[in-house]
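Please consider the sequence and the three-dimensional model shown here. The explanation below leads through the fold, element by element.

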Amino acid sequence: MPLTWRNGRKLPIVAAIATLSLTLAISAGPPAQAAAPPDISLANVKAHLSQFQSIATANGGNRAHGRPGYLASANYVKGQLDAAGYSTTLQSFTYNGATGYNVIADWPGGDPNDILMTGSHLDGVTAGPGINDNGSGSAAVLETALEVARQSLQPTKHLRFAWWGAEEQGLRGSQFYVNNLPAAERAKIKGYLNFDMVGSPNAGYFVYDGDNSDGTGSGPGPAGSAALEKTIQDYFTSIGVATRGTDFDGRSDYGPFIAVGIPAGGTFTGAEGIKTSAQATLWGGTAGQAFDSCYHRSCDTTSNINDTALNRNADAIAYTVWTTATAVPPAVVWQDTFESANGWTVNPAGTDTATSGQWERGDPEATTSSGAKQLGTTVSGS
């Protein structure tokens, strides 16, 4: 935001201040550290999957929207969360003549104006029990939420977890939730993490491309998505597993969130797409076959799970939630967005003694360092 003076001169100190980052922050002592993330029990995650399988078996072989197997699944998840001390809601909606349900669970504490939300879709298709798609994400998110309760976690952010209904019908549950949030409540959600199919048998390790570093598809997510992507990548780097980007293509429940400007992130181990030779070299598995050959089929049972991929992704979920939600933010000591007159007064009470010079607005220049740090176009465009 340069200063331009009418007589062609600039005051160096003032000009330097004007080009500073829009928020300056300090913290006492060394940078604040997040609480240590837990190792999520694979056995516990698989126990939830066994419950989903049993529910499907007892209810016509599936857990699809509008079917009794879905409501039983939602009640199972809600019962687990209620017992752990969450404030839970079974949010109902109607689609295609049938009632669907979202399970929303809030962990007490944290800044109510700074919400980190983590979700997965709980429904499957009518063809089968939907254990990888998406019992895997649902079970891993559930076990992460239960671990929050076991550790009596006290995050700086407020934690909210969600299990969506009717995703397979076109993201109906998550869209209903976002559409029915008042604008003020929607603005409190500062990040959304989505986990859909995290135990594919011929697994890949994909992370949503928040900064569009791949340069393909629909572009970057809303500001903040790059930071979520990096946090997830940091976990996989720490265990020596390479990741690749996957586009925000709108196929899962992050879609309604990024559509309203909420940053998002998450992981995915692949669906009907075919694993390439290069991917098989990178991750193992079989080239020329689908990541999940039972995608949307009756064989998507508890035997259709890669335990290693499920375990790694469950731990990645916990790492991302703990790291993001428990980091202590630095104290802001000065801020002005320059997008509106936040306290700036022209010639207050006739005390302005400047004889030349004026503030002018302009677009900042884009900057990057391991991802976008400042976009080249401001919200207002000037």
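The paragraphs that follow treat the sheet, the helices packed on it, the aromatic residues and the backbone. The model is a predicted one.

The description begins with the sheet. Strands of a sheet pair through backbone hydrogen bonds, in either a parallel or an antiparallel manner. Here, 8 strands form an open sheet with mixed pairing, in the order β3-β4-β6-β5-β7-β10-β8-β9. The edges are taken by β3 (87-95) and β9 (244-246); each has a single partner strand, so one side of each is left without a neighbour in the sheet. On average, and with direction ignored, neighbouring strands of this sheet are turned by 25 degrees against each other. Within the sheet, strand β7 (residues 189-195) and strand β10 (residues 264-268) run parallel and are joined by 4 bridges. In this pair of strands, Y192 stands opposite A264 of β10.

Helix α5 (residues 172-179), in turn, lies across β3, β4, β5 (111-121), β6 and β7, and α5 runs at about 110 degrees to β3.

Helix α3 also has a helical partner. Two packed helices are described by the distance between their axes and by the angle between them. The axes of α3 (residues 68-84) and α4 (residues 131-150) come within 9 Å and cross at roughly 10 degrees. Because angles under 35 degrees count as roughly parallel, α3 is roughly parallel to α4. The contact brings Y76, V77, Q80, L81 and A84 of α3 against L142, A145, L146 and A149 of α4. By class, this contact of α3 with α4 comprises 8 nonpolar residues, 1 polar residue and no charged residues.

Aromatic side chains form a further theme. The structure holds 20 aromatic pairs. One aromatic cluster is formed by Y205, F206, Y235, F236, F268, W283, F291 and Y319. Elsewhere in the description of rings, R63 lies over the face of F52, at 4.9 Å from the ring centre.

Finally, the backbone deserves attention. Most peptide bonds are trans, and most residues other than glycine have a negative phi. The peptide bond from D133 to N134 is cis, with omega near 0 degrees, and N134 is found in helix α4. S152 has a positive phi of about 50 degrees although it is not a glycine; S152 is found in the loop between α4 and β6.

Note on methods
Residues numbered from 1 in each chain as written. Predicted model: local features only at pLDDT ≥ 70, side-chain atom pairs only at ≥ 80, totals over all residues. Heavy atoms only, no water. Axes fitted to C-alpha atoms, helices over the stretch in contact; angles between N-to-C directions. Helix = DSSP H or I, 4+ residues; strand = E, 2+ residues; numbered from the N terminus. Parallel < 35°, antiparallel > 145°, perpendicular 65-115°, else oblique. Contact = heavy atoms within 4.5 Å. Nonpolar A, V, L, I, M, F, W, Y, C, P; charged D, E, K, R; others polar. Phe/Tyr/Trp six-rings, centres within 6.5 Å; stacked < 30°, edge-to-face > 60°. Lys NZ or Arg CZ within 6 Å of the ring centre and 35° of its normal. Pairing = 2+ DSSP bridges.
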